[in-house]
Amino acid sequence: MEADLAEAAAQFRDVVAECEATRDAFMIANGLQGLCFALAYCGEVSAARAAADAEVEAAAELGEYFQGVGHSALAVVALAAGDVQAAVNASEAAQRQISVQPKTAASNLAVNAAAALAGGDLINARRLADEAVTATAGWHLTRALMVRARVSIAHGEPERAERDGHGALALAASIHAHLEVPHILECLADVAKDTGNHQEAARLFGAADAIRQHTGAVRFKIYDAGYEASLAALRDTLGENDFDAAWAQGAALSTEEAIAYAQRGRGERKRPATGWASLTPAERDLVRLVSEGLANNDIATRLFVSPRTVQAHLTHVYNKLGLTSRVQLAQEAARHA
C-alpha cells in the first residue's frame with residue numbers, strides 16, 4: 001500500500017517459503033496472493049501470473065472460496081496485462097466462488113468491477129463498485145471509490161467521478177496508501193480534461209507519471225488506450241509547449257505536494273469563518289510554503305499562480321488567523337504541525 005513494491009515482493013516470497021516448509025496451505029495461498037499483487041503493480045506480469053496460478057493450486061485443498069480469491073488474483077494479472085477477456089473470465093469465476101463467503105468476499109469486488117468495466121459491462125461494473133463502496137473500508141474502499149470514479153467517467157458523469165476520485169485520494173492520503181495515488185490522480189486528470197480544466201489535467205498527469213517513476217508502479221495496460229487518448233487530446237487543445245510546461249510543473253511535485261495540489265479548492269464549505277480550521281487546503285499549502293521561508297514569487301511558481309494571487313491569499317490567511325506577519329504565521333503553523 002505504501003508503494004514499496006520490491007520490499008513487499010521480497011517479504012511475500014519469505015512468507016511463502018516459510019509456509020511451504022511447514023505446509024501451511026492457508027498462509028501459502030495468502031502469501032502468493034500478496035506476491036501476485038506486488039509483481040502485477042511492478043509490471044512483472046509473467047511472474048505475477050505464475051504466483052496467481054500457484055495460489056489457485058494451493059487453494060485447492062482449502063475450498064471454493066479460496067479458489068475464488070485465486071481467480072480474483074488472476075483477474076488482477078489480466079488487467080495489468082491488458083487482457084480483457086481473461087480478466088472477465090477470471091472475474092466471473094471469482095464471483096461464483098467467493099459468493100459462498102459474502103462478508104469477506106467484499107474485498108474482491110473492486111477487482112471484479114474493474115474487470116466488468118474493461119469488458120464494457122457498465123451496468124455490472126456500477127453494481128459491483130456500489131457494493132464494494134458500501135461493504136469495504138481502508139485500502140479496499142480506496143480501490144472501490146477509484147473504480148467507481150472510472151465507471152462514472154465512462155458513463156459521462158464527471159461530478160460523480162470527481163466526488164469519488166477525491167474521496168479515494170483523501171482516504172489514500174490518510175492511510176498512506178500511496179500505491180493507488182497515481183491512478184487516482186489520472187482519474188481526476190480525466191475529469192479535469194472533460195470539464196475544460198486542461199492545464200490542471202496536464203499537471204495531474206505529470207504528477208502521476210513522476211510518482212510512477214519514483215515508485216516503479218506501472219499503469220495497468222487495460223487503461224493505456226484511454227490514457228494515451230487523453231494525453232493526445234490535451235496536447236491538441238493546449239499546444240505542445242503549454243502541455244509540456246504544465247506536465248513539467250506537475251512532475252516537479254512530491255507525492256504529498258501532488259495530493260495537496262489535487263485537493264486545492266475542496267471542502268471550503270461548512271468551515272468556520274476564522275481560526276486554523278477555517279483554512280482551505282490551498283491556504284494551508286500556502287502556509288506550509290511560507291513556513292519553509294519561500295518568498296511570494298517562489299510560492300507563486302510552486303502553486304502555479306501569480307505573485308498577486310499569493311499576496312491576496314496571504315492577506316485572507318492573516319485575517320482568518322488574526323495575524324500580521326510571516327513570522328507569526330510560521331509560529332502558528334508550527335503549533336498545528
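Colleague: How do the residues lining the largest cavity divide into nonpolar, polar and charged?

Modeller: In this predicted model, that lining has 12 nonpolar residues, one polar and six charged.

Colleague: And what volume are we talking about for the largest cavity?

Modeller: About 240 Å³ of space lies inside the largest cavity.

Colleague: Nice. Which residues sit closest to its centre?

Modeller: The lining of the largest cavity has 19 residues, and the closest to the centre are Tyr41, Met146, Glu180, His183 and Phe220.

Colleague: Which helices supply at least two residues each to that lining?

Modeller: Those are helix H4 (64-81), helix H7 (109-118), helix H9 (138-154) and helix H11 (181-194).

Colleague: Which one gives the most?

Modeller: H9 does, with four residues in the lining of the largest cavity.

Colleague: Since H17 came up, how does it pack against H18?

Modeller: H17 and helix H18 (residues 307-321) meet at an angle of about 100°, and their axes are 8 Å apart. That angle makes the two helices roughly perpendicular to each other.

Colleague: Which residues make the contact between H17 and H18?

Modeller: On H17 there are Asn296, Asn297, Ile299 and Ala300, and on H18 there are Pro307, Val310, Gln311 and Leu314. Five residues of this contact are nonpolar, three are polar and none is charged.

Colleague: Changing topic, what's the packing angle between H2 and H3?

Modeller: Helix H2 (residues 25-42) and helix H3 (residues 45-58) pack at about 160°, with axes 8 Å apart. Angles over 145 degrees count as roughly antiparallel, so H2 and H3 are roughly antiparallel to each other.

Colleague: Is their crossing left-handed or right-handed?

Modeller: The crossing of H2 and H3 is left-handed. H2 brings Ala25, Ile28, Ala29, Leu32, Gln33, Leu35, Cys36, Leu39 and Ala40 to the contact, while H3 brings Ala47, Ala48, Ala51, Ala52, Ala54, Glu55 and Ala58.

Colleague: What classes do those contact residues fall into?

Modeller: The contact of H2 with H3 has 14 nonpolar residues, one polar and one charged.

Terms used. Residues are numbered from 1 along each chain as its sequence is written. This is a predicted model: local features need pLDDT of at least 70, side-chain atom pairs count only at pLDDT 80 or more; totals for chains, interfaces and linings use all residues. Side-chain values use heavy atoms; hydrogens and water are left out. Axes are lines fitted to C-alpha atoms, for helices over the stretch in contact, and angles run from 0 to 180 degrees between N-to-C directions. Angles under 35 degrees count as roughly parallel, over 145 as roughly antiparallel, 65 to 115 as roughly perpendicular and the rest as oblique. A crossing is left-handed if the near helix is turned anticlockwise from the far one by less than a right angle, and right-handed if clockwise. Contact means heavy atoms within 4.5 Å. Ala, Val, Leu, Ile, Met, Phe, Trp, Tyr, Cys and Pro count as nonpolar, Asp, Glu, Lys and Arg as charged, and the others, Gly among them, as polar. On a 1 Å grid over the protein atoms alone, a cavity is a set of points where a 1.4 Å probe fits but cannot get out, and a pocket is an open set with protein on both sides within 12 Å along at least five of seven lines; lining residues have an atom within 4 Å of a point. Grid points are joined across faces, edges and corners, and a volume is the space filled by probe spheres set on the points.
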